[in-house]
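Colleague: I have a chain to go through with you. Please put it up, and then I will ask about the fold and a few residues.

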Amino acid sequence: GREILNGFVANNSNLTRIVLNQCALGNGGGVILASAVTSCPNLNWVRLSSCNVDDDILEEFASGIRGGHQLRSIYLGWNTFGRAGCEALATLLQDPNGNLTCLDLSSNNRIDDTCAAILANSLEGNRTLHSLNLSGSNEITGTGWGAFSKVLCNTASVNVTYLSNHTLMDLGYVVSQNKLSSLLELNSGADKEQVAIRKIIRHHAHLDMEPF
């Protein structure tokens, strides 16, 4: 995998996608991947499936591209990272200059409730990510999914509800909680101002909404 990536490190303005399947990146793979991403100005899609991407690789990768990439989609299915890797990805989701719309972390069995909370909390101010695929993350329980419910609709106050995440629409087919499914469906509305108002009406029934 590293040998393949080395070929992309030199500036390549024509490259828009990197797809690697079952290619072990090994030590330093994250640094090389980050270099490839930042040196290709039109690269917007990276897929690393079953590439033994672990916490160290993701930490190197996230550190190397933060604030300097155009990626819109990252696929990391069937890999081996856990909490440290999710923390690294969270920094990308918190980046105000980030453009990610799709992050696929499916079938990574080290993603648990703590990981889910890390990812959910990173979406509090995120206005670009539409899909975060966590299907196959069997270690996530109701507690982990609840963290996403809170970030999509924090009912602590009207203002906090208004400032909740109204962008995320998909968490993968695993979502079975009625409240979370309902919030994801609500977020599919194109008019985010109306999405926010509908959440306020639903969860703050005492409020006089006539001014809205």
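Colleague: In which order do the elements of the protein chain run from the N terminus on?

Modeller: This is a predicted model. The protein chain has nine helices and five strands. From the N terminus, the elements run α-β-α-β-α-β-α-β-α-β-α-α-α-α.

Colleague: What is the strand order of the open sheet?

Modeller: The sheet is open, has five strands and is paired in the parallel sense. The twist from one strand to the next averages 5 degrees. The strand order is 1-2-3-4-5.

Colleague: Over how many bridges do strand 1 and strand 2 pair, and which residue is the bridge partner of Arg-17?

Modeller: Strand 2 covers residues 45-49, and its pairing with strand 1 is parallel, over five bridges. Within strand 2, the bridge partner of Arg-17 is Trp-45.

Colleague: Which helix belongs to the β-α-β unit of strand 2 and strand 3?

Modeller: Strand 2 and strand 3 (residues 73-75) run parallel and are joined by three bridges. Across that pairing, Val-46 stands opposite Ile-74 in strand 3. The β-α-β unit is right-handed, and its helix is helix 3 (residues 55-65).

Colleague: Which residue in strand 5 is the bridge partner of Leu-103?

Modeller: Strand 4 (residues 102-104) pairs with strand 5 in the parallel sense, over three bridges. In strand 5, the partner of Leu-103 is Leu-132.

Colleague: Is Thr-91 buried, partly exposed or exposed?

Modeller: Thr-91 lies in helix 4 (residues 83-93). Buried means under 20% relative accessible area and exposed means over 50%. Thr-91 has a relative accessible area of 25%, so it is partly exposed.

Colleague: Is His-166 buried or exposed?

Modeller: His-166 is found in the loop between helix 7 (158-162) and helix 8 (178-187). The cut-off for burial is under 20% relative accessible area. His-166 has 7% relative accessibility, so it counts as buried.

Colleague: Which side chain joins that of His-166 in a polar contact of 2.9 Å?

Modeller: The side chain of His-166 reaches the backbone oxygen of Tyr-162 at 2.8 Å. Leaving aside neighbours within four places in sequence, His-166 is in contact with several residues, including Leu-152, Asn-187 and Val-195. The side chain in the 2.9 Å polar contact is that of Lys-199.

Colleague: What share of contacts in the protein chain between residues at least 6 apart in sequence joins residues at least 24 apart?

Modeller: Of the 212 residues in the protein chain, 49% are buried. The accessible surface comes to about 9,900 Å², with 46% belonging to carbon and sulfur atoms. Among contacts between residues at least 6 apart in sequence, the share joining residues at least 24 apart is 78%.

Methods
Residues numbered from 1 in each chain as written. Predicted model: local features only at pLDDT ≥ 70, side-chain atom pairs only at ≥ 80, totals over all residues. Heavy atoms only, no water. Pairing = 2+ DSSP bridges. Helix = DSSP H or I, 4+ residues; strand = E, 2+ residues; numbered from the N terminus. Axes fitted to C-alpha atoms, helices over the stretch in contact; angles between N-to-C directions. Right-handed = clockwise from strand over helix to strand, strands pointing away. Buried < 20%, exposed > 50% of the residue type's maximum accessible area, 1.4 Å probe, protein only. Polar contact = N/O pair within 3.5 Å; in protein donor to acceptor, adjacent residues only side chain to side chain. Contact = heavy atoms within 4.5 Å. Areas by Shrake-Rupley, 256 points an atom, 1.4 Å probe, with all protein chains shown as cover.
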